[in-house]
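Subject: Structure handover

Hello,

Below is the structure I said I would pass on. My notes on what was found in it follow.

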Amino acid sequence: MVDQNLSVPKYWRKIPQYYRLTAVKCRKCGRVYFPPRAVCECGSREFDEYELPRRGKLIEYTVLRSVTSDFEKQRPLAFGIADLGGVRVFGQLVDCPNPDKLSEGAEVEVVFRRVKEDSDYGIIYYGFKLRPVKGCW
Amino acid sequence: MRNSALGYINGFAITPPGRYYDKGYRELFAEVALKALEAAGNPDIKAIYVASALSELTGEQLAIGNVLRDYAGLRNIPSIRIENGDGSGGFAIMTALNHLASAGNGCMLVVGVDKPHEVISLKQNKYASYLLDSDYEAYFGATPVALAAIMAKQYMRNYEYKYEDLATWAIKMHERGAKNPYAYFKRAAKLKDVLDSELVADPLRLYDVSPFVDGAAALVLCSKPNPNDLAIGIVNYGFGASNSYFASRNDYTVLSSVVEAAKAVGPLEGFNGVVSVHDTYSIFGVLALEALGLCKRGSALRLLNEGYFDQGGRVMVNLDGGLKAVGNSMGASGVYQMVGVVMQLRGDKPFNGLNAESAMVEDMVGVDQESVVFTLRVVK
Amino acid sequence: MAVGIVGWGAYIPRYRIKTREIAEAWGDDALRIRDMYLVEEKAVGYIDEDPVTMAVEASRDALTRAGIAPSEVGAVFAGTESKPYAVKPISSILIDALNLKRQVYSVDMEFACKAGSDAIVNLMGLVKSGLIKYGIAVGTDSSQGEPGEHLEYTVGTGAVAYVIGATNLVAEIKYTYPFASDTPDFWRRDGSPYPVHGEGFTGEPAYFRHIIGAAKGLMEELGMKPNDFDYAIFHQPNARFPVRVAQMLGFPLEKVKPGIVVDLIGNTYNASALLGLAKVLEEAKPGSRILVVTFGSGAGSNAFYIETTDLLPSRVKLARTVGEMLEDKVYIDYSLYLKYRKIIRMIHG
């Protein structure tokens, strides 16, 4: 069998987070955590699932040109930090060839995209990315 | 008799960092371990702490301590591998000091060794990305320099600096490296060189990024100083940590783990002496100075440009050239930093005539994941 | 029991390449190409888009317009001919991406470009029989056009999704009529990256025979004539075929034009006619009578008679419209096109 370089279980476990931005909300104090964690700052260990909103504002971004071996063919990669309903999330910025045209606090939407794949025969990883609503032309 | 330090550095050795296609982990380890032990008078060692970030990844070796110890002919000494990313060195030293304290007496051997150049650059970047959150940052292709770039952007915007101001870090580090026979980059750099270099993660350019290097550095830490030599003691250390997920931090212009570590190590008011900051990227060097309390928030870059941190001043920073000129040997980098300030305190070539009595070393993991800050003194 | 469309969603990626740009690369006469197909430009997905990602986007919008909870969905069927995995369905990824419950019927369907509409027919059956309350039918494609071959001028990228049910319909599907036979006009062998087609053979024996067969069959059984319809939407491999088949059936051009999208985004295969329908739903008044005839090579057609309801207009603006997505575009050149479409042989994806 071909060598599998990307773990399937490691990805599959995170599908609710990668596909739907499923965060956790503390039952006691209401704090929302993304990525999810086991214990709240207030000490409680009881959480409810909570999907982050799919629209928000861009806080900051950069463009990475020196990428890793997995992303060689996808360079350059733009990354941004978005505020989605009060929760800060880090992700790739897509459909944005000219990020310098982005205004501060630009509106972004969460989209579903391919992240990477394990050569021609292995698993395809999907996940969320951030897309400036008005584009970057 | 009361020890005035947590431990004394009775022996040390480094390999000039570089690309060692002809030497592996065991050869580099043996070189520095044996030299350091000899310099310390070959004392009995209670434990060997191996600081390495990449030994499984590029050395394809688990439990590397056993292999290294065997190769160097050191017998019956427990060897513990410490991995904490590019902060492995600092944390290995911290652990060795704790062990010294619990043992009450004796010596520990701390060796940092890493070989990023067993693999090609794209792979090095992939391994560097393991310093970030694997599931939520590296998963999407982020590497530490991307987050450093975000910090640099926000810092420069908040305090109204231009990129040219930040470029000074690289220029000054290269200046220092040019005088250091142990540096990887021994050529001075001009502003034009920095500005013309390729963008790595906007706005950071190639000159803002410390180069990966293979390297090994060793320290012999003892509970009592060597009576026949200048005694350099590690007086104290402090630890700090920040949120591991970068985006959820409150302020992207401060290294909060370093702030916490500096608070923990004790009052640094009025410090004067030599400082070594972990400048994986230029911006990390700059922000570390502020986090250590050596200057006010937002002022480090201005003071750097004014020459405030140069040799001859009250606070002399990265006189060996920092990670920028010496190179980023990942797990070994913290040990190189420690050896650097020890040489500076001792006045060993090329650091003659500094007359510094105190030193501070800041070693950081990844992008402000966690940090350890050490204070050192020449102990008479 | 009245069954039909409860909500719909569409997805057209942002990038476009002009057919002129492709013609220049291959030394073809750009004006002659444009005249042959009447396709100006086609939609291209970015390097990280594929039929799965587009299916997710379209389905999310369909659920938004339907105003139902994901847990109310009992089936998800995806029709495509450009699956990223030959074995591993798009529909299973949709289950988790849309947060559907585990108790859901799911399958991918293949009948060249017709499968998206086959998904609709099948879901109608499941709804009518009471097996499910709502189902999602998806038509999604990012098919490869062989570089230097004429299909490259028209193969586009897009997806569309329909929530099918029996309550709160925005449009009732009043009748369906299939027409199929073994007619090998266009195919792609297992393991082959590009399809093969019969040029002229794809016309009369395939496209025209089956679309006319299905359309006439439906109209005869219902006793309806072209006059009885407000819109006629046909599968769009290029802009000439649907206009010609409309002519042959007796539909005037102004009833066909609103459903034509191929001139701006190319042939989106399983989305094609259904994307045309989505566009028409955005402008149609309540009580509009719509004929939709899909076509898939191999070959077969599904004809649908659809009537819009009063609930339709208020749902249009609840999500991205085809109209908006047609305007939201940026042009790329042939080299970026080859890179995004991964036609340049990549060692690593």
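The contact between chain A and chain B takes 24 residues from chain A and 28 residues from chain B, where two residues are in contact if their C-beta atoms, placed from the backbone, lie within 7 Å. On the chain A side, strands E4 (55-64), E5 (77-84) and E6 (87-93) each supply at least two residues, and E6(A) gives the most, with 5 residues. Helices (H or I, at least four residues) and strands (E, at least two) are DSSP runs, numbered from the N terminus. By class, this side of chain A divides into 11 nonpolar, 7 polar and 6 charged residues; Ala, Val, Leu, Ile, Met, Phe, Trp, Tyr, Cys and Pro count as nonpolar, Asp, Glu, Lys and Arg as charged, and the others, Gly among them, as polar.

Please note that this is a predicted model, in which local features need pLDDT of at least 70 and side-chain atom pairs count only at pLDDT 80 or more, while totals for chains, interfaces and linings use all residues. Residues are numbered from 1 along each chain as its sequence is written, and chains are lettered from A and ligands numbered from 1 in the order in which they are written.

Chain A also has an open sheet of 3 strands in the order E2-E1-E3, with antiparallel pairing; two strands pair if DSSP finds at least two bridges between them. Strands E2 (32-33) and E3 (47-51) of chain A stand at the edges with a single partner strand each, so one side of each has no neighbour in the sheet. Strand E1 (22-26) of chain A is joined to E3(A) by 5 bridges, and Ala23(A) has Tyr50(A) as its bridge partner there.

In chain C, the domain assignment (automatic or from a database) gives domain 1 (4-170 + 315-340) and domain 2 (173-308). Their C-alpha centres lie 16 Å apart, and 45 residues of domain 1 are in contact with 40 residues of domain 2. H5(C) gives the most to the domain 1 side, with 6 residues. That side has 22 nonpolar, 15 polar and 8 charged residues.

The largest nonpolar core has 293 residues, and those with the most contacts inside it include Leu219(B) and Ile164(C). Such a core is a set of buried Ala, Val, Leu, Ile, Met, Phe, Trp, Tyr and Cys residues joined through C-beta atoms within 7 Å, buried meaning that 20 or more other C-beta atoms lie within 10 Å of the residue's own.

Regards

Key: Buried ≥ 20, exposed ≤ 12 C-beta atoms within 10 Å, placed from the backbone.
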